[in-house]
Amino acid sequence: MAQINFSSSIGVWWSSDSWSIHDVRARAREIEELGYGSLFYGEAFGKESLTQASALLGATERLVVGTGIANIHSRDASAAESGSRTLSALYPGRFVLGLGVSHAPLVENNAGTYAKPLATMREYLRRMDEMPEQIEPGAQRPARLLAALGPKMIELSGTAGDGAHPYLVTPEQTARTRELLGPDKWVVSEQAVALTTDRETGLRRAHQHLHMYSQLPNYQKSWLRQGFDESDVVIGGSDKLAEHMVAIGDAEAIAAHVRRHLDAGADHVVIQVLGDDRAEDPLPALREIAPGLGL
């Protein structure tokens, strides 16, 4: 299993595309100072993923930086492999390459072709493996995690990767992922949180968060597999889905929910703070939550 030097079992997932990279770097430094072990981020409409990783790694000393998830339709396999190996050479054990097939509507809106996601990912990983060592002689490639929701993609994340990065899942799904992967692969689970004791405020934030995801077939299928039904998989999600996907409550309640993922077999959990606006600064909530997480 490829090395990841997490300084703690809890990290952060932050969609910071609307922020300047200078401000993101400054907040990454404080995230590190608070004791969080990582900073993961997505790739859909904003910053280029590997460039952002380089900026964040250079701004911090111990923080693990992860792409969560780099879209394989945004760069070919050779670019992904060569770029990630260079980051690994510069920052050993601190860069995680998360890869995903994205979603048909997003890929096709950008004039791409979305077909047979499992086969597409398998071929992409094969081409990455064929890249010669001379790209970065002596450097280890970084840990490679897949955005794996279904059982076949989870299995692939173990046979052709170093583990999985489950997103929008219950602790029970984290346990199923661990069971499929066995003990020797990484499981880095994402958990959205709404720090508020007002249930209606928490539900509003959760429904806003789920609005886009609930319209994507991959997540709809994932939630049905996790035991929800068609009445839950509506635009914005049902209240039941919202309360299972988002930890709503005070810092103590959120910490308890995060620990459920760790108890279920996650090696590391990245928390995504939800506010009333997607561009809201997550640091006030992260400061308040940190002591309850033992950071």
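Modeller: Strand 5 (residues 95-100) is mostly covered, with six of its six residues buried. Buried means under 20% relative accessible area, exposed over 50%, and partly exposed in between, with a 1.4 Å probe and protein chains only. Helices (H or I, at least four residues) and strands (E, at least two) are DSSP runs numbered from the N terminus. Bear in mind that this is a predicted model: local features need pLDDT of at least 70, side-chain atom pairs count only at pLDDT 80 or more, and totals for chains, interfaces and linings use all residues. Residues are numbered from 1 along each chain as its sequence is written, and side-chain values use heavy atoms, leaving out hydrogens and water.

Colleague: Which residues cover the two faces of strand 5?

Modeller: In a regular strand, side chains alternate between the two faces of the sheet. Both faces are covered here, and the residues on each are all buried. One side has Phe 95, Leu 97 and Leu 99, and the other has Val 96, Gly 98 and Gly 100.

Colleague: Which residue in strand 5 is the bridge partner of Asn 71?

Modeller: Two strands pair if DSSP finds at least two bridges between them. Strand 4 (residues 70-71) pairs with strand 5 in the parallel sense over two bridges. The partner of Asn 71 is Gly 100.

Colleague: What is the handedness of the crossover from strand 4 to strand 5?

Modeller: The chain gets there through helix 3 (residues 77-90), as a β-α-β crossover. With the strands pointing away from the viewer, a path from the first strand over the helix to the second that runs clockwise is right-handed. This crossover is right-handed.

Colleague: Which residue in strand 6 stands opposite Leu 97?

Modeller: Strand 6 (residues 143-146) runs parallel to strand 5, joined by four bridges. Opposite Leu 97 stands Arg 144.

**Side chains**

Colleague: Why does Thr 170 count as buried?

Modeller: Thr 170 sits in the loop between strand 7 (163-164) and helix 7 (171-181). Beyond its neighbours within four places in sequence, its contacts (heavy atoms within 4.5 Å) include Phe 228 and His 261. Thr 170 is buried because its relative accessible area is 4%.

Colleague: How do the rings of Tyr 213 and Tyr 219 pair: stacked, tilted or edge-to-face?

Modeller: Rings of Phe, Tyr and Trp (its six-membered ring) pair if their centres lie within 6.5 Å; planes under 30 degrees apart are stacked, over 60 edge-to-face, the rest tilted. The count comes to seven aromatic pairs. With centres 5.3 Å apart and planes at 80 degrees, Tyr 213 and Tyr 219 are edge-to-face.
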